[in-house]
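Here is a friendly briefing on a protein model.

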Amino acid sequence: MNDRELSCSAGGQFMDRGRMNQNGVVQPLLTDLYQITMAYAYWKSDKTDDTAVFDLFFRNNPFHGEFTIFAGLEECLKFLDSFHYSQSDIEYLKQTLPEGIEHEFFEYLGNLTARDVTLYAIDEGTVAFPRVPIIKIEGPLIIVQLLETTLLTLVNYASLMATNAARYRMVAGKHVKLLEFGLRRAQGPDGGLSASKYSYTGGFDGTSNVLAGKLFNIPVKGTHAHAYITSFSSIGELKTRLIKHKQTGIMEDLLEHAIRHRAMLSHLLDVSTEESSEGELAAMVSYAIAFPDGFMALVDTYDVKRSGLLNFSAVALALNDLGYHALGIRIDSGDLAYLSCLARETFEKVAERFKVPWFNKLTIVASNDINEDTILSLNEQGHKIDCFGIGTHLVTCQRQPALGCVYKLVEINGQPRIKLSQDVEKVTMPGNKNAYRLYSADGHALIDLLQKVSEPPPAVGQKVLCRHPFQESKRAYVIPSHVESLYKVYWKSGKICQQLPTLEQVREKVQISLKTLRNDHKRTLNPTPYKVAVSDNLYNFIHDLWLQNAPIGELS
């Protein structure tokens with residue numbers, strides 16, 4: 001049994017030994033059965049020397065938007081690097097595939113690698129658009145066919161998740177923090193890890209997922225649950241009340257300080273101490289003793305106004321007496337706009353009354369089933385939230401749970417191939433193509449242009465005829481001020497050909513790429529579609545091939 005098999009079977013571990021951060025589940029058998037049965041049929045038909053080109057692309061942007069963030073490329077390259085059928089894989093396939101498959105085919109599979117594959121792609125973190133291939137694969141027909149399902153599963157969710165996160169970042173604004181809290185609601189452990197990674201890629205600032213923090217070096221953040229508050233019912237349950245003064249080192253009674261401040265705050269905030277929860281106060285004191293420099297409390301367990309804010313402020317002032325600064329609060333239920341404004345007003349009153357200016361800067365975190373529309377509504381209501389903790393709607397992509405990337409054969413042995421359909425949207429664009437992004441003088445992306453690889457690239461300052469691939473009357477001349485070639489060779493001759501960016505660099509790339517789009521392409525309501533075109537040469541090529549392959553009907 002090889003190292004990969006050991007890492008997958010021993011204790012259910014996901015990590016591949018010797019390959020940092022590679023998911024051991026991602027292997028050649030992570031595919032659909034028909035890929036392997038097709039491989040046998042190709043082999044049986046003596047197509048082992050055939051070469052092919054496949055395009056990986058999507059047909060529609062997700063979430064009713066007009067852009068998609070491409071993600072998952074690094075994982076695709078790791079998959080190519082480790083592609084190999086182990087002996088146990090071969091034994092399993094012998095038992096699983098239909099009887100009669102020749103032994104030589106299994107020997108052929110056992111020797112397959114991705115050495116002869118070439119992978120072209122746009123940079124990970126780049127804005128992408130429908131019909132423009134985000135990955136282009138060239139190589140022996142059988143191997144590039146076998147890659148299909150695995151590449152799709154690595155790109156589909158990653159790109160969907162990064163796009164969803166980028167949309168949350170846009171509606172929240174630059175100055176509000178976003179934390180991913182979705183592990184418990186994600187589609188399984190691997191879905192949870194992917195969600196943490198690609199939400200960070202899309203613009204989130206951290207995650208509650210500790211393993212994701214370790215694996216991907218993402219900042220890990222969190223507070224406590226309502227269970228911690230409800231586990232205390234009175235101050236008599238506090239077994240530890242003493243804490244060292246940060247400067248003097250003298251042990252002092254934090255509860256005593258908190259009770260004294262609570263009495264003064266009661267008058268300031270016009271809230272009776274008898275209405276507030278004693279158990280909540282005890283829980284907050286306990287938590288503050290454990291984390292005096294990182295005290296962030298959940299304030300909505302009972303009543304934010306009559307208990308939570310009073311008890312939190314009392315404990316925060318008590319910590320201040322001893323040289324510590326609390327971090328803030330989290331609100332997990334109720335009217336978030338009203339309660340955040342109430343909290344900010346409370347902190348401002350306390351700051352002024354007790355001469356503690358830092359109280360004005362306390363962080364207000366909001367959670368509670370937040371989605372994109374929730375944030376837009378809260379923006380309209382003038383909320384005072386500094387940070388959103390977002391889970392279910394983010395990691396499950398509830399508005400659209402799948403991106404719908406496809407993987408289509410466009411050329412074999414140098415000959416173009418086209419898939420026809422009564423649904424024009426599903427007609428493929430044949431042949432080996434290059435993609436270019438044309439920019440206007442103000443620096444914004446104008447249009448993505450697909451061309452045959454034999455065509456010269458568009459030139460700056462030169463008029464280019466851009467055509468809709470299927471609608472004859474839709475065409476326009478573009479004079480680009482800048483031309484960007486979208487594809488780079490990322491894998492060739494069994495090696496990664498580019499210096500791969502760090503996760504931080506991909507995250508930065510997302511924001512840089514988004515800035516190249518006009519605001520009307522990015523708005524949440526009725527965004528302007530971004531144009532994707534083909535050259536005049538490619539347009540004529542597509543339609544000539546379409547006519548050659550479309551059957552001619554007969555009327556009688």
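In this predicted model, the charged end of Lys463 sits over the ring of Tyr477, 4.8 Å from the ring centre. A charge sits over a ring if NZ of Lys or CZ of Arg is within 6 Å of the ring centre and within 35 degrees of the ring normal. Lys452 and Phe541 give another example, with the charged end of Lys452 over the ring at 4.1 Å from its centre.

Before going further, note that residues are numbered from 1 along each chain as its sequence is written. Because the model is predicted, local features need pLDDT of at least 70 and side-chain atom pairs count only at pLDDT 80 or more, while totals for chains, interfaces and linings use all residues; side-chain values use heavy atoms, with hydrogens and water left out.

**Aromatic pairs**

- The structure holds 18 aromatic pairs. Rings of Phe, Tyr and Trp (its six-membered ring) pair if their centres lie within 6.5 Å; planes under 30 degrees apart count as stacked, over 60 as edge-to-face and the rest as tilted.
- Among them are Tyr40 and Phe105, whose ring centres are 5.1 Å apart and whose planes meet at 75°, so this pair is edge-to-face.
- Tyr40 belongs to helix α2 (residues 33-44) and Phe105 to helix α5 (residues 103-110), so the pair links distant parts of the chain, 65 residues apart. Helices (H or I, at least four residues) and strands (E, at least two) are DSSP runs, numbered from the N terminus.
- Tyr40 is buried, with a relative accessible area of 15%, and Phe105 is buried at 0%. Buried means under 20% relative accessible area, exposed over 50%, and partly exposed in between (1.4 Å probe, protein chains only).
- Phe54 and Tyr407 form a stacked pair, 4.7 Å from centre to centre with 20° between the planes.
- Phe54 lies in strand β1 (residues 51-57) and Tyr407 in strand β14 (residues 406-412), so their pair ties together parts that are 353 residues apart in sequence. Both Phe54 and Tyr407 are buried.
- One aromatic cluster is formed by Tyr40, Trp43, Phe105, Phe106 and Tyr108.

**Salt bridges**

- How many salt bridges are there? The count comes to 23, where a salt bridge is a side-chain nitrogen of Lys or Arg within 4 Å of a carboxyl oxygen of Asp or Glu.
- One of them joins Glu75 to Lys197, with the closest N and O atoms 2.8 Å apart. The two partners come from distant parts of the chain: Glu75 is in helix α3 (residues 73-82) and Lys197 in helix α8 (residues 188-202), 122 residues apart.
- Glu75 is buried, with a relative accessible area of 11%, and Lys197 is buried too, at 7%.
- Glu74, Glu75, Lys78 and Lys197 are linked in a network of salt bridges.
- Lys488 and Asp123 also meet in a salt bridge, at 3.1 Å from N to O. Lys488 is in strand β21 (residues 488-492) and Asp123 is in the loop between β3 (118-121) and β4 (127-128), 365 residues apart.
- Glu372 forms a salt bridge with Arg399, the closest N and O atoms being 3.4 Å apart. Glu372 counts as buried at 3% relative accessibility, while Arg399 counts as partly exposed at 42%.

**A parallel sheet**

- Six strands make an open sheet with parallel pairing, in the order β7-β6-β13-β12-β11-β10. Two strands pair if DSSP finds at least two bridges between them.
- Which strands are at the edges? They are β7 (206-207) and β10 (296-298), each of which pairs on one side only.
- Three bridges join β10 to the parallel strand β11 (residues 328-331). Across from Ile329 in β11 stands Ala297.

**Cysteines**

- The count of disulfides is zero, a disulfide being a pair of cysteine sulfur atoms within 2.5 Å.
- Cys497 is in no disulfide, and the nearest cysteine sulfur, that of Cys76, is 15 Å away.
- Cys497 counts as partly exposed at 36% relative accessibility, whereas Cys466 counts as buried at 3%.
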